[in-house]
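Here is a model to go through by question and reply. The structure comes first.

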Number of protein chains: 2
Amino acid sequence: MRAARGPSDVGELRVDAARLHSRLAELGEIGSTGDGGCARLALTDEDRAGRDLVVTWMRDLGLDVRVDGIGNVVAVRPGREPGPPVMCGSHIDTVATGGVFDGNLGVLAGLEVLETLERAGRSTRRPIAVAFFTDEEGSRFSPDMLGSLVYAGGMAAEEAYDLVGIDGKRLGDELARIGYLGTTPCPGEAPYAYVELHIEQGPVLEHHGDVIGAVTGVQGISWQEVTFEGQFNHAGTTPMSYRHDAGYAAAAVAVAARQIAEELGGHQVATVGALEVRPGLVNVVAGRARCTVDLRNIDEEVLEEAERRMAAEIDRLAGSEGLTVARRGLARFEPVAFDGRVVDLVEATAREHGHRVRRLPSGAGHDAQMLARMCPAGMVFVPSVGGVSHNPAERTLPEHVEAGANVLLDVLCRLADEDPAS
Amino acid sequence: MRAARGPSDVGELRVDAARLHSRLAELGEIGSTGDGGCARLALTDEDRAGRDLVVTWMRDLGLDVRVDGIGNVVAVRPGREPGPPVMCGSHIDTVATGGVFDGNLGVLAGLEVLETLERAGRSTRRPIAVAFFTDEEGSRFSPDMLGSLVYAGGMAAEEAYDLVGIDGKRLGDELARIGYLGTTPCPGEAPYAYVELHIEQGPVLEHHGDVIGAVTGVQGISWQEVTFEGQFNHAGTTPMSYRHDAGYAAAAVAVAARQIAEELGGHQVATVGALEVRPGLVNVVAGRARCTVDLRNIDEEVLEEAERRMAAEIDRLAGSEGLTVARRGLARFEPVAFDGRVVDLVEATAREHGHRVRRLPSGAGHDAQMLARMCPAGMVFVPSVGGVSHNPAERTLPEHVEAGANVLLDVLCRLADEDPAS
């Protein structure tokens with residue numbers, strides 16, 4: 001793979017935005033929650049119906065459709081030369097209160113790219129593939145990004161089969177039940193490159209008036225739960241100096257999280273999203289409190305520094321307040337940096353299309369970070385209206401959907417056509 | 001009333017501690033929760049049984065027992081001269097998870113004082129009365145200290161009758177049902193003075209190794225509920241500067257409460273006992289949060305300053321975080337200062353008994369603060385083990401119970417015997 005080429009390389013082909021929107025709407029009808037949203041949890045009947053529809057579209061285009069042992073579906077349009085394909089894709093499972101763009105856009109825009117090439121009779125040197133990966137959301141079966149994790153060799157399919165969902169069902173059984181226990185082996189073949197179009201699910205692009213995000217990587221995540229035990233006391237009769245106030249300590253953790261993020265600056269985010277105090281009465285000093293801490297950074301060293309500062313603050317609070325403290329790690333992922341040349345190519349192509357572009361990290365996890373383990377990978381973001389996602393109100397403007405699909409088209413063609421020597 | 005007299009005035013009489021403990025235990029059996037605790041909510045069958053027992057003891061002593069229109073019971077031992085009695089007392093209703101000392105001690109110690117005088121043939125110039133007031137706890141019918149409030153003329157009995165309990169029952173109906181809708185008019189006769197023995201319900205006396213508290217007054221109380229509305233956001237994709245984090249603001253209120261109490265010092269206490277964030281998920285910035293603020297001080301001006309600082313901090317947080325804020329007042333009582341001469345008399349008497357004494361304010365409300373509206377009033381505190389109250393584990397050491405009852409005995413006698421000119 002070589003560096004991005006100049007403006008002369010921008011193709012003249014453009015996707016059919018109406019067709020893409022029509023497919024987004026049709027897929028969104030399956031599992032519709034009636035309020036503009038969608039509920040197609042992984043390996044449910046709704047997921048099967050969504051899969052069947054997309055596979056039908058893939059087959060209608062004459063693509064070679066393969067289902068692997070974890071239910072990932074890869075549809076390939078051959079190139080002029082053999083070899084691994086340039087792959088795009090995403091997921092079509094949703095959260096329980098999902099929108100119609102999250103994941104679906106990346107899959108259907110990839111399909112649209114292939115249909116555009118097919119109708120134009122445009123060949124590429126390398127094959128181009130579009131994939132959808134199983135259980136990206138993790139809403140029914142944990143962990144999330146499961147299908148792409150197995151595809152990339154991060155977990156054996158056999159191990160994944162024994163996962164139990166929130167409804168008590170076994171993943172392997174559900175995969176077979178809906179007819180998507182395929183025969184293509186896992187891990188999958190390493191693509192030549194992987195590019196995923198996705199909605200931002202955050203407010204940054206919209207806020208800056210940018211149309212395309214060239215995603216530099218995915219933030220590392222550190223989740224923990226902190227439980228303080230102190231002493232229940234009467235809020236009137238217990239002087240301040242006698243207190244062992246677990247609620248105060250949990251609240252101070254939330255304030256410290258904000259301060260740590262501000263001190264570290266950059267892309268550091270820190271959130272206390274859950275905070276419970278017991279007994280939770282106006283006139284009782286809380287004897288017990290629980291909170292969660294979510295720290296994220298694109299830079300592993302800074303993320304570790306945030307963790308150190310938070311741990312020190314928790315220790316300090318427990319000590320000064322006379323509390324016991326219990327910590328439980330909920331999740332820890334290192335940051336993923338996307339391939340610099342793919343990021344550059346996305347940025348350059350978007351500029352050549354005349355769009356305002358911004359390089360930014362992803363705050364959420366995506367299948368692309370799993371594919372990044374096996375090939376050069378990157379992502380294209382388009383703005384989310386109001387930064388809203390995982391919500392029936394999730395929306396991306398039609399002109400942004402179209403812009404993203406056309407950038408994806410040219411990025412894929414460039415990767416598929418580039419000189420093998422690069 | 002005149003200033004406390006010297007050591008020569010300390011009487012030789014002492015209460016029968018065994019008899020007092022026996023009565024505490026017998027009354028504690030009614031409504032026993034089986035774990036050392038007691039549940040006799042106001043005007044329930046258990047409250048009636050407790051009342052009947054205490055009234056029986058009062059009548060057995062030959063006292064003149066009167067029940068007023070709100071169910072307060074006042075038992076009088078005549079003096080050598082007519083006129084208003086020196087009154088002691090407290091309440092015998094409990095919270096749902098109450099102990100056997102809260103309230104009960106003040107009533108039964110008063111009864112013990114009268115029995116001690118009776119058995120010794122000791123007369124007093126003025127009558128001495130022991131009272132128990134209806135619904136001090138407010139656990140079934142709000143507000144608390146209801147009976148003493150009506151006794152002191154702060155609420156009409158007819159208004160109180162229409163109060164509805166947590167079980168939907170009307171107070172007036174329940175009062176009649178248990179047979180305690182009496183005929184003595186409300187408001188009641190102003191006593192010559194009122195002195196209430198009560199457990200501290202806090203840790204201060206125990207911590208300092210003091211046996212008797214000479215209570216200087218009751219803290220003023222300011223309760224409010226604060227609700228912030230911001231915006232739900234993804235904890236990964238939403239940079240810090242884009243957030244409208246209601247959970248952060250509520251947590252910062254809890255931290256500010258602590259800071260305000262530390263800055264104002266003295267007896268200022270500040271508590272955020274309830275704090276809820278929504279949706280309460282590890283990876284979602286809370287769009288909604290609610291907390292309570294409990295501020296108390298013995299000094300009204302300082303309490304108002306605490307309220308001002310808290311209001312300013314809430315405004316500042318709402319402004320900087322871009323939130324709407326709603327405040328709801330839950331309660332507001334001004335501090336009550338007890339009569340300086342009664343406080344001095346309690347302190348002097350306890351010292352003459354050889355006890356370590358501490359002057360301190362009460363952090364909780366008591367019937368004495370209502371009686372303080374109509375006569376010189378004060379309180380005697382005895383230590384609570386571990387500061388625990390409103391709990392089956394509530395306990396006061398036997399030697400402290402005895403010490404408190406004997407101080408009460410001499411304080412009542414001194415007030416009952418003092419020169420009319422004072």
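α3(B) is mostly covered, as 14 of its 17 residues are buried (20 or more other C-beta atoms, placed from the backbone, within 10 Å of a residue's own). The model is predicted: local features need pLDDT of at least 70, side-chain atom pairs count only at pLDDT 80 or more, and totals for chains, interfaces and linings use all residues. Residues are numbered from 1 along each chain as its sequence is written, and chains are lettered from A and ligands numbered from 1 in the order in which they are written.

Me: How far does helix α3 of chain B reach from its first C-alpha to its last?
Reply: Helices are DSSP runs of H or I with at least four residues, and strands are runs of E with at least two, numbered from the N terminus. α3 of chain B covers residues 104–120. The expected span, 1.5 Å times one less than the number of residues, is 24 Å here, and the helix comes close to that, reaching 24 Å.

Me: Which element gives the most to the side of chain A that touches chain B?
Reply: Contact means C-beta atoms, placed from the backbone, within 7 Å; 48 residues of chain A are in contact with 48 of chain B. Elements that each supply at least two residues include β12 (288–297) and α8 (246–264) of chain A. The most, 9 residues, comes from α8(A).

Technical notes. A residue is buried if 20 or more other C-beta atoms lie within 10 Å of its own, exposed if 12 or fewer, and partly exposed in between; C-beta atoms are placed from the backbone. Two residues are in contact if their C-beta atoms, placed from the backbone, lie within 7 Å.
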